[in-house]
Amino acid sequence: MIKAVRGTRDLLPPETALWNFVESAVRDVFRAYNFQEIRTPIFESTELFARGVGEETDIVAKEMYTWEDRGRADSDKGQSLTLRPEATAGIVRAYIEHKLGDRGLNKLYCIGPMFRRERPQKGRYRQFYQIDAEIIGPPSAGSESPARDAEVLEMLATLLDRLGITGWTLELNSVGCPNDRVAFNEALRKALDPVKDKMCADCQRRAVTNPLRVFDCKVPEDQPIIDALPRISQFLDEGCRKHFEAVQEILTKVGIPFSLNDRLVRGLDYYTRTAFEFTHGALGAQNAILGGGRYDGLSEALGGPAAPGIGFAIGEDRLVMSLQESASAAGVVKKPDLYIAPLGAGMNAEAARLARELRRHDLVADLGDETFRLKKSFEAATKAGAKYILIVGENEVKTDAFALKNLATGDQISVPRADLPRRIQE
Ligand code: HAM
C-alpha cells in the first residue's frame with residue numbers, strides 16, 4: 001500500500017469543514033482591516049530564502065526542500081529552487097517585483113501550504129499551512145509606525161476571539177535594530193566563549209557565526225546556560241525603546257493583554273524591533289499558534305526600496321487543533337437536510353428534477369438510486385446524517401405530493417411539491 005509521505009497528511013471531512021470555517025472567518029476579519037489577498041508561487045529561487053530568512057537559521061540550514069532544476073539545454077546550468085518554508089520572503093519579493101508600494105497595496109495576506117523538513121510530531125508537519133498577513137510600504141505611508149504593530153496585534157486578538165479560541169497568551173519582545181544587534185552579538189560572543197564547549201554542536205557553531213540563534217536551541221542541557229546570557233532588552237537604542245513602549249501603550253489602551261518575554265528572538269533573521277508569538281496551552285510542546293514581527297530591512301536586503309513592514313503567520317494546522325479543543329467547533333459541520341430516495345424504475349429522473357428545485361432553495365440534498373430498496377435508502381440516509389428522507393415513487397409523482405419522513409422523530413407526512421422547501425427548512 002502506498003501511504004502519504006512522512007510529515008504530510010490528508011485533511012479529511014468532517015475536519016475540512018473546520019478549515020473552511022477558519023478561512024472564511026479570516027477573510028471576513030482581514031477585510032475589515034483592508035487586507036487584500038496575494039497568491040505567490042509555492043517554489044522560489046533558493047537564494048530568496050537564503051538572503052531573506054538567513055543562512056544560519058534552522059530553516060535555511062537544515063529544513064528546506066531544495067533541488068537543482070534542469071536547465072533548458074544540456075549545457076545550461078540548472079537553477080537551485082526551494083519549496084517555500086514560509087511566505088514573507090515571497091510576498092516581499094512580489095512587493096518589489098510589481099512595485100506594489102507605488103500602487104498603495106500595503107496590506108497583503110495569503111493562505112497556503114509551506115514546507116519544512118522538521119521532525120514530525122503532534123502539531124508539527126513537513127507540509128503545513130499558514131495564514132500569513134503583512135503590512136509593508138514606503139516609510140512615507142506610515143509603515144514604520146508603532147501603530148501598525150498594534151493594529152496587527154489587535155487584529156489577531158479579534159480573530160481569535162471571533163473563532164471562540166480562549167486561553168491564548170501574547171508574548172512580546174523587541175529584538176532591536178541592526179545597530180543594537182552589533183553590540184548585543186558582541187556581548188553574546190563574550191558570554192558564550194567560556195561556556196560554549198559545554199553546549200550542543202549547533203550552539204558551538206552559532207556562538208561563532210550568529211550568536212543570536214543560540215536562543216533557538218531546544219536542547220534541555222543548554223537551557224541553564226542560555227538563561228544566564230545577556231538579553232537584547234539591555235541593548236535597545238533610544239529609537240527602538242521608544243517604539244516598543246509606544247506599541248505597549250496602544251495595546252494597553254485598547255485592552256489587549258500581553259506578557260513581555262525577552263528570550264523571544266524568533267527563528268528568522270529578518271526581524272527588527274517588535275517580535276511576538278501567540279501561544280495556546282492546549283497544544284502541548286508545539287504551543288505557538290502563530291508568530292511574527294517587524295522586518296524593516298528585508299526589502300532592501302532583497303534589492304528593493306526602503307519598505308519597513310510587519311506581519312505574522314498563523315499555523316493553520318495548530319489553529320484548527322485549538323479550535324477542536326474549544327467548544328466552538330461544534331455545529332460547524334453541516335449535515336444534509338434531506339436524502340432523496342427514488343423508488344422504482346424511471347424515478348431517477350423525477351428525483352433529479354426535485355433535487356434541482358430543492359438545492360436552488362439552499363437545501364443540502366443527497367440523492368440515492370432507483371434500484372435501491374426502501375430499506376437500503378433508509379440506511380444510506382441515516383449514514384449520511386440527513387434530517388429527512390424524501391420518497392419519490394410513482395404514486396408521489398402522480399399526486400405531486402411526496403412522503404417526507406423526519407429521521408429523528410419518525411414522523412411522516414405527505415407534502416405537496418410547492419410546500420417542500422418551506423416544510424424542510426422549518
Ligand atoms: P514561524 O514562526 O516560522 O514564522 O511560523 C509561524 C507559525 O507557523 C508557527 O507559529 C506555527 O504555528 C506554524 N508552523 C511553523 N512550522 C510548522 C510546522 N512544521 N508544522 C506546523 N506548523 C508550523 C514565519 O513563518 C514568519 N514568516 C511569520 C511572519 C510573517 N513574520 C513576519 N511576517
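**Reading the fold, piece by piece**

Mentor: T88 has its place in helix α4, residues 88-97. Keep in mind that this is a predicted model.

Trainee: Does T88 count as buried or exposed?

Mentor: Buried means under 20% relative accessible area. T88 has 5% relative accessibility, so it counts as buried.

Trainee: Which residues is T88 in contact with, leaving aside its neighbours within four places in sequence?

Mentor: They are D132, E134, Y270, Y295 and L298.

Trainee: Take strand β6, residues 127-136. Why is it called largely enclosed by the rest of the structure?

Mentor: Count the buried residues. Eight of the 10 residues of β6 are buried, so the strand is largely enclosed.

Trainee: Which strands pair with β6?

Mentor: Strand β5 (residues 107-115) pairs with β6 over nine bridges, in the antiparallel sense. In that pairing, K107 stands opposite I135 of β6. Strand β11 (residues 309-315) is also antiparallel to β6, with seven bridges. There, I131 faces I314 of β11 as its opposite.

Trainee: And side chains along a strand?

Mentor: As a rule, side chains in a regular strand alternate between the two faces of the sheet.

Trainee: What is the strand order in the sheet that holds β6?

Mentor: The order is β1-β5-β6-β11-β10-β9-β7-β8. This is an open sheet of eight strands, and the pairing is mixed. β1 (36-37) and β8 stand at the edges. Each has a single partner strand, so one side of each is left without a neighbour in the sheet.

Trainee: How many bridges join β7 to β8?

Mentor: Two, and these strands run parallel. E171 stands opposite S259 in β8. Helix α9 packs on this sheet, where it touches β7, β8, β9 and β10. The direction of α9 makes about 160° with that of β7.

Trainee: Which residues of α9 are buried?

Mentor: C240, H243, F244, V247, Q248 and L251. These residues cover an arc of only 130° around the axis, which puts them on the same side of α9. K242, E249, T252 and K253 are exposed on the other side.

Trainee: What covers the buried residues of α9?

Mentor: The cover includes α5, β7 (168-174), α6 (178-192), β8 (259-260), β9 (272-280) and β10 (288-294).

Trainee: Now helix α1, residues 15-32. What span should it have?

Mentor: With 18 residues at 1.5 Å each, α1 should span 26 Å. The end C-alpha atoms of α1 lie 27 Å apart, which agrees. The buried residues of α1 are L18, W19, V22, E23, A25, V26, V29 and F30. They cover an arc of only 165° around the axis, which puts them on the same side of α1. On the other side, N20, R31 and A32 are exposed.

Trainee: What covers the buried residues of α1?

Mentor: The cover includes β5, β6, α5 (146-163), β11 and α11 (316-325). Just after α1, N34 takes a positive phi of about 65°.

Trainee: How is the protein divided into domains?

Mentor: The domain assignment gives domain 1 as 15-177 + 237-329 and domain 2 as 338-425. Their C-alpha centres lie 48 Å apart.

Trainee: There is also a sheet of five strands. What is its order?

Mentor: This open sheet runs β13-β12-β14-β15-β16, with mixed pairing. At its edges stand β13 (365-367) and β16 (412-416), each with a single partner strand, so one side of each is left without a neighbour in the sheet. On average, neighbouring strands here are turned by 30° against each other, direction ignored.

Trainee: How many bridges join β14 to β15?

Mentor: Four, and strands β14 (residues 388-392) and β15 (residues 401-406) run antiparallel. N406 in β15 is the bridge partner of Y388.

Trainee: Which strands does helix α12 touch?

Mentor: Helix α12 (residues 347-360) packs on the sheet and touches β12 (338-342), β13, β14 and β15. Its direction makes about 160° with that of β12. Helix α13 (residues 374-384) lies across β12, β13, β14 and β15, and runs at about 150° to β14.

Terms used:
Residues are numbered from 1 along each chain as its sequence is written. This is a predicted model: local features need pLDDT of at least 70, side-chain atom pairs count only at pLDDT 80 or more; totals for chains, interfaces and linings use all residues. Side-chain values use heavy atoms; hydrogens and water are left out. Buried means under 20% relative accessible area, exposed over 50%, partly exposed in between (1.4 Å probe, protein chains only). Two strands pair if DSSP finds at least two bridges between them. The expected span of a helix is 1.5 Å times one less than its number of residues. The arc is that of the directions from the helix axis to the C-beta atoms. Contact means heavy atoms within 4.5 Å. Domain bounds come from an automatic or database domain assignment. Axes are lines fitted to C-alpha atoms, for helices over the stretch in contact, and angles run from 0 to 180 degrees between N-to-C directions.
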